[in-house]
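Let's work through a few exercises together, with the model open beside you. Try each task before you read its solution.

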Amino acid sequence: MDPALQLLKDLIAVDSINPSLVAGAAGEAAVARTIAEAMRGTGLTVETQDAVPGRPNVVGIVEGRAPGRSLMFCGHIDTVGVAGMKAPFDPVERDGRIYGRGSQDMKSGVAAMIDAARVIAESGGLAAGKLVIACVADEEHASIGADALVTRWRADAAVVTEPTDLQVAIAHKGFEWVEIETEGRAAHGSRPRDGRDAIRLMARVLNGLDVIDRGLQSKPPHALLGTASLHASLIEGGRELSSYPDRCHLQMERRTIPGEAPGVAAREVDALLTRLRSEDPDFKAASKEMFARSPYEIAADHELPRAMLHAHSTLAPLHPCTPAPIGMSFWTDAAILGDAGIPSILYGPTGAGLHSVEEWVDAQSVVTCRDALVSLARDWCR
Ligand SMILES: [Zn+2]
């Protein structure tokens, strides 16, 4: 069996569910040990960095024989939960596919990038420059792993090996989370003059969000990402049937596109609440940004995506793919690397079912991904 696929199976077999998503879950420590051992076994220099205690990143280095440009491959080693899956940690191979939690998202990309470093190390290493293999924690929650990584490791370019169906992705959306609370007045349900209904006050907010969203989605779209959008994610309010609700709490998400300034969602909500207050002096509400991550984009004619497309195209007779770079809808650690000044792209294997009960990756695409990463590293590190 190809060593990249053996490593992938070894990684799937180790539970690394993100404990910030699923209380009491295993976290990254065990899979980080498996990875550290695999990288040491092929001669890489290996360092472990705790993002927080028990939540490690593992970084392997191939040092070139002369100074030169550095290249980072970066992938997350946590997975989402496994509720409803029959055998999430049993890496079954069937009809050219490998099944299991993390097979697509993204232990396949991680196996491909580690095995690319093995191929390079075992075939004489790099003449110049440096290859950094960054395996990071917590991408599925708050990316504390990538945040910690960029405080210690930099590179002249990076490839995040999230699954892209072997296409080169140069852009993805960002997101902003905002919470809004309306304030009513609790009272006996029979006394309308005493009560003020916080849930119906929130309805005004929801109507306003509807207008904002329609506006966003009727703007000219980003060429690769479409338009920005928002949705109301979570709502709660009220205490019992016979009382006026004194408060209603909403958490919403706004997806952002390149060119939008950070904090745009909080400002839109602010303006909406200001308008609602001016329309009704009894309207009381407050809002606050909870968390935000920026969108990401690199120019299509930047050397890095061109070099990645070229590296892939050397394998193209076997594996044709769209020749132009694409955009991904979901947020990735590429934004953190990009914000840290590291030009980044995404390129990874083909599969389906990420975050669902049946997840798989196409085995041949993992091998192709590995081979293309080897080719890129030899081309870039000089
Ligand atoms: Zn992922």
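**Exercise 1. Find what covers the buried residues of H6.**

Solution. Begin with the cover: it includes strand E9 (174–183), helix H5 (198–217), strand E11 (247–256) and strand E12 (285–293). Contact here means heavy atoms within 4.5 Å. Helices (H or I, at least four residues) and strands (E, at least two) are DSSP runs, numbered from the N terminus.

Before going on, a note on the source: this is a predicted model, where local features need pLDDT of at least 70, side-chain atom pairs count only at pLDDT 80 or more, and totals for chains, interfaces and linings use all residues. Residues are numbered from 1 along each chain as its sequence is written, and side-chain values use heavy atoms, with hydrogens and water left out.

Next, pick out the residues being covered: Val264, Ala265, Val269, Leu272, Leu273 and Leu276 are buried in H6. Buried means under 20% relative accessible area, exposed over 50%, partly exposed in between (1.4 Å probe, protein chains only).

**Exercise 2. Check the span of helix H6 (residues 264–279).**

Solution. The expected span of a helix is 1.5 Å times one less than its number of residues.

**Exercise 3. Why is H1 described as largely enclosed by the rest of the structure?**

Solution. Count first: seven of the 10 residues of H1 are buried, so the helix is largely enclosed. Then name them: Ala4, Leu5, Leu7, Leu8, Lys9, Leu11 and Ile12. Finally, look at the cover, which includes helix H2 (29–41), H3, strand E17 (360–362) and H9, among others. From H1, Ala4, Leu5 and Leu8 meet Ala363, Val366, Val367 and Arg370 in H9.

**Exercise 4. Describe the site of the zinc ion.**

Solution. List the protein donors: His76 (NE2), Asp105 (OD), Glu162 (OE) and Glu162 (OE), lying 1.9 to 2.7 Å from the ion. Donors are N, O and S atoms within 2.8 Å of the metal (3.2 Å for Na, K and Ca); water is not among the atoms, so sites may look incomplete.

Now place two of them: histidine 76 sits in strand E3 (residues 70–76) and aspartate 105 in helix H3 (residues 103–122), a pair 29 residues apart that links distant parts of the chain. Both histidine 76 and aspartate 105 are buried. Along the chain, the donors follow the spacing H-x28-D-x56-E.
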